[in-house]
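Open the model in your viewer and keep the selection tool at hand. We will go stop by stop, with something to pick at each one.

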Amino acid sequence: MFDKVRPYMEGYMGYTYKAIACVCVAIVLSVIPYFFLYQILAPLIAGQTLKSGHVLLLVACAAICLAGNALLYVKGLEYSHMCAYNTLRNIRTALQQKLEVQPLGTIRELGNGRIKKMFTDDIETIEILLAHAIPEGIGNLLVPTIVIVAMFFVDWKLALLCIASLPLGLLAMGMMYKAGMRRMETYYGAAAKMNNTIIEYINGMEVLKVFNRDGESYRRFEGDITSYRDFTLAWYKVCWPWMALYSSIIPCVALFTIPFGAWFVLQGWSSLADLILVICMSLAVGEPLLKAMSFGGKFPQLNYKIDELERLIEHPALKQSERGFEGDGHGICFEDVRFSYKDAEVIHGIELKLEEGTMTALVGESGSGKSTLAKLLVHFYDLDSGRITLGGQDLTDMRIEALNDQISYVSQEQFLFNTSLYENILIGRPDASREDVIEAARRAQCDEFLARFPQGIDTPAGDGGKMLSGGERQRISLARALLKDAPVIVLDEATAFIDPENEEKMNAAISEIIEGKTVLVIAHRLHTVTGADKIVVLKDGTVEAQGTHEELLGSSNEYRRLWAAAQESAAWEVGA
């Protein structure tokens, strides 16, 4: 189990060793005062007198030990936390790096709630192991073991009486773990489902209220939370009796020692002084041992959570090589491309060629595969079969970073980070000057709404860009693409949220940035792409027809139908 964590602890294991050493010495110092107590009690019971100076010396020594215990314990935890939090950082960084190269489908299947739980709750549990369970668990287990061994040197009969209750406590603990482990996977499954439901409920609250679906959604929300509550309480109900039993038995190391030990003394089998010493020593066994056992429950949970994290990491990464972009130009070819969402094939043997420096538009009904092809081109997913090439080089035969350098992708919904608009645009090219960023914003027609903000381009975007309208967010994303200035541009309905007043300006800006580049446009409004060099008509994941606007009007029934529908919708108006 520790072998799974150790790779993430690289460079920080020394802190763990220091923590164990400090905690062990601290616990030893907490035990020594019981021996000083024995030196005070034994003479008194034997009827001897003690000098007050000697008693004060013993008390002072005990106080020094307790002070040393506090200082070393704190220092040990300081070392262990330094190791723990650096290890958590390494785990989170490793997960982030793995997620970055996985298909988006894999990430979406996991769900936001499950990913959040892994990155926060599950990883945070590892902190308990590293910062507390290892140093405190080892120290609290080691010292009672040493004390019990020492008891056998004092009087083996009394030592056996001291440990006689431990098997009962350990049996109860074992029963609790056995009952808990059978339900652990179901428990974490219920927790992940609840987290996903909560996030979905919150994100969709606006839609639910508009369509008066609060009740139906709330019933699912309440049902998943209630299910998690009921399962957790049922799990605890099974474990609680065993937990109460071992928590009561383990600390009572003197349970058999006092009555039977006294009888041994009366029979002359043991001395009173030995009984007193063993009883004093037993006080140093119960509490540390119970504390060590309390960490035992963390180990099965940790084992499960590390396995969960590793299962997340084990999902197949996107196929890529270590090569950079070595293509001859920026022409694009789809060669017998097939792709499935889960088990349903949605792209069926697509053959398509995008000449360098031309604009190709994908049109078709919703669900025909337009956006899917765009996502395949930017390598969001791996293909089932076939291949896509850029300049003759297979997308899987280059680093994903090298591909990203060649393509600017502007989708319908662009996420903005909760930072300034300037920094959101700067993502397109981090080494760009402020003047370049401002020029990109101007060319993307952002001036009009930036002028409304007192802070201008330095205005915070808000969570997910909530301070801007859909069209304004899309213009910021277009400014990113302008700043990046990649040779290939993919526009997934880039003017979807633009009002008619600004659509002409946006189209002019788009025309400016796509000049001389290889462009793929996904269009729902056909009149925006009539000037494309090639229009590809998709239907049910296959290429129905391709050609210019005029050619398709003469040769394709599907395109004529789409065009007629587009013309009809353009004439729609609200009437009474």
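A residue is called buried when its relative accessible area is under 20%, exposed when over 50%, and partly exposed in between, using a 1.4 Å probe and counting protein chains only as cover. This is a predicted model: local features need pLDDT of at least 70 and side-chain atom pairs count only at pLDDT 80 or more, while totals for chains, interfaces and linings use all residues. Residues are numbered from 1 along each chain as its sequence is written, and side-chain values use heavy atoms, with hydrogens and water left out.

**Stop 1: a buried histidine**

Select His-379. It sits in the loop between α14 and β4 (385–390). Helices (H or I, at least four residues) and strands (E, at least two) are DSSP runs, numbered from the N terminus. Is His-379 buried or exposed? His-379 is buried, with a relative accessible area of 4%. Check its backbone too: phi is positive, about 60°, although His-379 is not a glycine.

**Stop 2: the six-strand sheet**

Now select β6, β7, β8, β3, β9 and β10. In that order they make an open sheet of six strands, with mixed pairing. Two strands pair if DSSP finds at least two bridges between them. β6 (407–410) and β10 (542–547) are the edge strands; each has a single partner, so one side of each lacks a neighbour in the sheet. From one strand to the next, the twist averages 15°.

Contact here means heavy atoms within 4.5 Å. Axes are lines fitted to C-alpha atoms, for helices over the stretch in contact, and angles run from 0 to 180 degrees between N-to-C directions.

**Stop 3: strand β3**

Zoom in on β3. How many of its five residues are buried? Five of five are, so to speak, under cover. In a regular strand the side chains alternate between the two faces of the sheet. Colour Met-359, Ala-361 and Val-363 for one side of β3, then Thr-360 and Leu-362 for the other; all are buried.

Next, look at the partners. β3 pairs with β8 in the parallel sense over four bridges. Pick Leu-362: its bridge partner in β8 is Ile-522. β3 also pairs with β9, in the parallel sense over four bridges. Pick Ala-361: its bridge partner in β9 is Ile-535.

**Stop 4**

Follow β9 (residues 534–539) into β10. These two strands pair in the antiparallel sense over five bridges. Lys-539 has Thr-542, in β10, as its bridge partner. Now click Asp-540, in the loop between β9 and β10. Its phi is near 55°, a positive value in a residue other than glycine. At 56% relative accessibility, Asp-540 counts as exposed.

**Stop 5: the four-strand sheet**

Select β2, β1, β4 and β5. This is an open sheet of four strands in that order, with antiparallel pairing. β2 (344–354) and β5 (393–394) stand at the edges with a single partner strand each, so one side of each has no neighbour in the sheet.

Walk across the sheet. β1 (residues 332–341) and β2 pair over seven bridges, antiparallel; Tyr-341 has Ala-344 in β2 as its bridge partner. β1 and β4 pair in the antiparallel sense over five bridges, and Arg-338 stands opposite Ser-385 in β4. Two bridges join β4 to β5, where Leu-390 stands opposite Gln-393.

What phi does Gly-391 take in the hairpin of β4 and β5? Gly-391 has a positive phi near 60°, and the hairpin has two residues between its strands.

Bring α14 back into view. α14 lies across β1, β2 and β4, running at about 115° to β1.

**Stop 6: a nonpolar patch**

Finally, show the surface. Select Leu-37, Leu-41, Leu-44, Ile-45, Leu-272 and Leu-283. Together they form a nonpolar patch with about 490 Å² of accessible area. Patches are made of residues with over 30% relative accessible area and no salt bridge: like charges are joined within 9 Å, nonpolar side chains (Val, Leu, Ile, Met, Phe, Trp, Tyr) within 5 Å. A salt bridge is a side-chain nitrogen of Lys or Arg within 4 Å of a carboxyl oxygen of Asp or Glu. Accessible areas come from the Shrake-Rupley method with a 1.4 Å probe; for residues, only the protein chains shown count as cover.

Helix α2 (residues 13–45) gives the largest share of the patch, four residues. Leu-37 is in helix α2. Leu-37 is partly exposed, at a relative accessible area of 34%.
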